[in-house]
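Subject: Structure for your files

Hello,

Here is the structure I said I would pass on. My notes on it follow below.

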Amino acid sequence: MCTLEKRNNIYILTLTGDDDHRLNPTLLDSLTAALHRIRSETTTTTTPTALITTAQGKFFSNGYDLAWSQSDPDRHILMSSKLRLLVRDLLTLPMPTIAAVSGHASAGGFILAQAHDYVLMRKDRGFLYMSEMDIKLVVPDWFVKLLKSRIGSPAALRDVVLRADKVTAEDAVAKGIIYSAHDSAEETVRAAVRLGEELVKRGWDGHVYGRNRKVLLAEVFPALDFDETVGDVAAANIGSSSRL
């Protein structure tokens with residue numbers, strides 16, 4: 001599950017508990033509900049805000065809950081549609097977004113982090129890891145489209161996707177995968193708050209910010225309508241599955 005708090009003009013969304021924060025429908029729905037609350041509170045205001053997403057424990061997120069989905073292929077379809085809905089919500093949120101990665105972020109968890117405008121990460125523990133090569137899964141096209149929009153180096157992108165490198169925070173900074181690295185989980189969150197405060201002070205119109213992000217990531221949005229690794233799930237089904 002997750003909690004949402006507001007400190008002045010900064011929302012802090014925290015994945016709670018000491019587990020590995022597997023992305024199953026329960027957690028995905030909880031995160032989506034939190035974003036809907038943020039959106040509803042900022043729809044009619046021009047006050048600048050920012051979002052920080054972080055997690056308790058040694059994992060930011062260990063990706064899809066594959067154990068939960070193994071018994072029924074429809075469960076994987078459901079997880080995919082809900083994660084795509086969550087990512088779409090993050091990419092259209094009318095404010096800067098920051099992921100404070102407090103531990104391992106694997107596969108779908110890596111994607112969740114990269115759905116934010118800025119990724120900060122602790123360097124004393126944890127890595128970024130696209131595990132699909134190692135667990136014999138095909139990487140969805142929409143994963144790659146999002147990663148391409150965030151990782152400018154083709155060599156770094158190759159190593160993430162085709163070598164399944166486990167990338168530490170300092171290496172991720174050097175390769176341009178994340179924004180900055182910090183000494184501990186606590187310092188990562190503090191740095192994220194400082195960055196959020198700096199961005200809020202710019203006084204930007206959040207709705208203009210969100211529209212400019214949408215232009216910047218124009219190639220990502222069409223890919224969110226479909227996941228070829230689980231079958232043809234139309235955009236309409238994404239919306240309906242979010243209500244299950």
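A residue is called buried under 20% relative accessible area, exposed over 50% and partly exposed in between, with a 1.4 Å probe and protein chains only. H104 has 14% relative accessibility, so it counts as buried. This is a predicted model, in which local features need pLDDT of at least 70 and side-chain atom pairs count only at pLDDT 80 or more, while totals for chains, interfaces and linings use all residues. Residues are numbered from 1 along each chain as its sequence is written, and side-chain values use heavy atoms, with hydrogens and water left out.

H104 sits in strand β6 (residues 104-106); helices (H or I, at least four residues) and strands (E, at least two) are DSSP runs numbered from the N terminus. Not counting residues up to four places away in sequence, H104 touches K58, F59, F60, S61, G126 and F127, where contact means heavy atoms within 4.5 Å.

Strand β6 also comes up in the largest pocket: β6 and α5 each supply at least two residues of its lining. A pocket here is an open set of points on a 1 Å grid over the protein atoms alone, where a 1.4 Å probe fits, with protein on both sides within 12 Å along at least five of seven lines; lining residues have an atom within 4 Å of a point. The space in the largest pocket is about 350 Å³, a volume being the space filled by probe spheres set on the points, which are joined across faces, edges and corners. Its lining has 22 residues, and L66, A107, S131, I135 and L137 are the closest to the centre.

Next, the cores. A nonpolar core is a set of buried Ala, Val, Leu, Ile, Met, Phe, Trp, Tyr and Cys residues joined through side-chain atoms within 4.5 Å. The largest has 56 residues, of which L51, L83, V87, L128, W142 and I177 touch the most other members. A second, separate core has 14 residues, including I10, A192, L199 and V200.

A192, L199 and V200 are also among the buried residues of α9. The buried residues of α9 pack against β1 (2-7), β2 (10-15), β3 (50-55), β5 (97-101), β7 (118-122) and β10 (180-182). Helix α9 (residues 185-201) has 17 residues and should span 24 Å at 1.5 Å a residue, which agrees with its end C-alpha atoms being 24 Å apart; the expected span is 1.5 Å times one less than the number of residues. Just after α9, G203 has a positive phi of about 70 degrees.

Regards
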